[in-house]
Amino acid sequence: MKSMINAILTEHSSSCKNTGRGWAPVNIALCKYWGKRDESINLPLTDSLSISLGKLGAQTEIAPAGTDCFTLNGELLDTNAKAAVRLRRFLDPFRTATVPGFELKSQSDVPLAAGLASSASGFAALVMALNDLFSWSLTKRELSILARLGSGSASRSVYEGFVQWHAGNQSDGMDSFAEQLPYTWPALRVGLLMLSSSEKPIGSREGMRRTTATSELYKVWPAKVAASMAALKVALELHDFDALGAAAESNALAMHATMIDSWPPVLYWLPESVSAMQKVWAAREAGLSLYFTMDAGPNIKLLYEAHNEAAVREIFPAVQMVLPFSD
Ligand code: PMV
C-alpha cells in the first residue's frame, strides 16, 4: 500500500498546515461492488455505478498531533475501538517525523456502519482533508484511488452525481478509480428507510470474503454486473426511470442472492426489510414507479421521482427524502 501511495504523492508538495478540511457525499450503488480481487488495496472484481446523495455526507477536520485522537460524531473513540484501529491503519502511511499523529474530527449525516455508506463518505472526506492539510493538490482520480484504500466504495464518494468505479486490471491498482458520468437527473429522489441503526453483524469485508470463497451463485455475478451496467447506461442515456429502477433493484437482489448462497449464510435482511420490499412491489403492481436498492445492512433505499413524493410518503411516512441533484 505504501508504494502505491508514494507513486501518487511523489510529485506533490507536502508542507503541513494547521488544519485540513474535507467534505464528501454519501453514495448508494445502483450496480453494486461485491467481491475483491485484492483485499490489501481494495481492488474490486467488477465495475460498479452509484449515485451520490447531494448534501448528505461527512465533514472531516484533521490536524497534526503527537498521538492520534479521533472523534466521530462528537464521540471520542476508544483506542481499541474497531473504527479507531481502521483509521489508524489507514493513516499510517501518511505519518512523518514531524507529523507522527493526527487529531481527527468527523461528523457524518448518517449512522455509522448501518449499511448507509458512512465509511464511503467518511474515507473520501478524510482523503480530501489530508489533501488540504498537506497541500497535495491531487486530481480527483488520485483522490479516488487513495479513498479506495480506506473503503472500496469511498472511491466513488469523491464525486457528486452518477459515478462509475472502473475495476481496472493492473495489480498495482492504479487503474482502479472512479469517474463522474455526464448525466444529471434533477427529479430523482432517494428515500432512506431507516429500519435499524445498529451496527451490522457482518462487515462488508467479511461478507465479501465469505461470498467469493463459498457462493456458487457468485460465479455468475460478473455477468450480472455487465448486464446491469449496460442497462443502467441505457437508462441514463434515455432518461428512462423505470429502466433505471428495475436495473438497480434487480442488481441489488442478485447481490443479496449471492450473499444468502454463501456458507455460513450472510443475510442482512430483517423482517422489516422484507415487509418494505413487499410494499414496494405492491405499490408498483398498483402502478407507482417505485423501486428499491439495499446494501450490506437491513435498511432500504427507495428510488422514485419528484412527482411521486406524496404517494411514496403515504406508503412510507418515515421516509427521509434525499435530492441527489439539489444545489
Ligand atoms: O466499500 P465497502 O467495503 O463498505 O463495501 C460496500 C459494499 C456495498 O455497499 C454493499 C456495495 C457498494 O457498491 O457500495
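Trainee: At what angle do α3 and α4 pack?

Mentor: This is a predicted model. In it, helix α3 (residues 118-133) packs on helix α4 (residues 140-150) at about 125°. Their axes are 8 Å apart. That angle makes α3 oblique to α4.

Trainee: Is the crossing of α3 and α4 left-handed or right-handed?

Mentor: The α3 and α4 crossing is right-handed.

Trainee: And which residues of α3 and α4 meet?

Mentor: From α3, you have F123, A124, V127, M128 and N131. They meet K140, L143, L146, A147 and G150 in α4. By class, this contact of α3 with α4 has 7 nonpolar, 2 polar and 1 charged residues.

Trainee: Now α2. How far apart are the axes of α2 and α3?

Mentor: They are 12 Å apart, with helix α2 (residues 82-91) and α3 packing at about 35°. The crossing of α2 past α3 is right-handed. On the α2 side, R86, L87, F90 and L91 make the contact. On the α3 side, S119, F123, L126, V127 and L130 do.

Trainee: How do the residues of that α2 with α3 contact divide?

Mentor: Into 7 nonpolar, 1 polar and 1 charged.

Trainee: Switching to the ligand. Which residues around the ligand come nearest?

Mentor: Of the 14 residues around the ligand, Y33, S151, S153, R156 and S204 come nearest.

Trainee: How far is a ligand oxygen from an N or O atom in the S153 side chain?

Mentor: 2.6 Å for S153. For the S151 side chain, the distance from a ligand oxygen to an N or O atom is 2.9 Å. For the D295 side chain, it is 3.4 Å.

Definitions and conventions. Residues numbered from 1 in each chain as written. Predicted model: local features only at pLDDT ≥ 70, side-chain atom pairs only at ≥ 80, totals over all residues. Heavy atoms only, no water. Axes fitted to C-alpha atoms, helices over the stretch in contact; angles between N-to-C directions. Helix = DSSP H or I, 4+ residues; strand = E, 2+ residues; numbered from the N terminus. Parallel < 35°, antiparallel > 145°, perpendicular 65-115°, else oblique. Left-handed = near helix turned anticlockwise from the far one by under 90°. Contact = heavy atoms within 4.5 Å. Nonpolar A, V, L, I, M, F, W, Y, C, P; charged D, E, K, R; others polar. Near = heavy atom within 4 Å. Polar contact = N/O pair within 3.5 Å; in protein donor to acceptor, adjacent residues only side chain to side chain.
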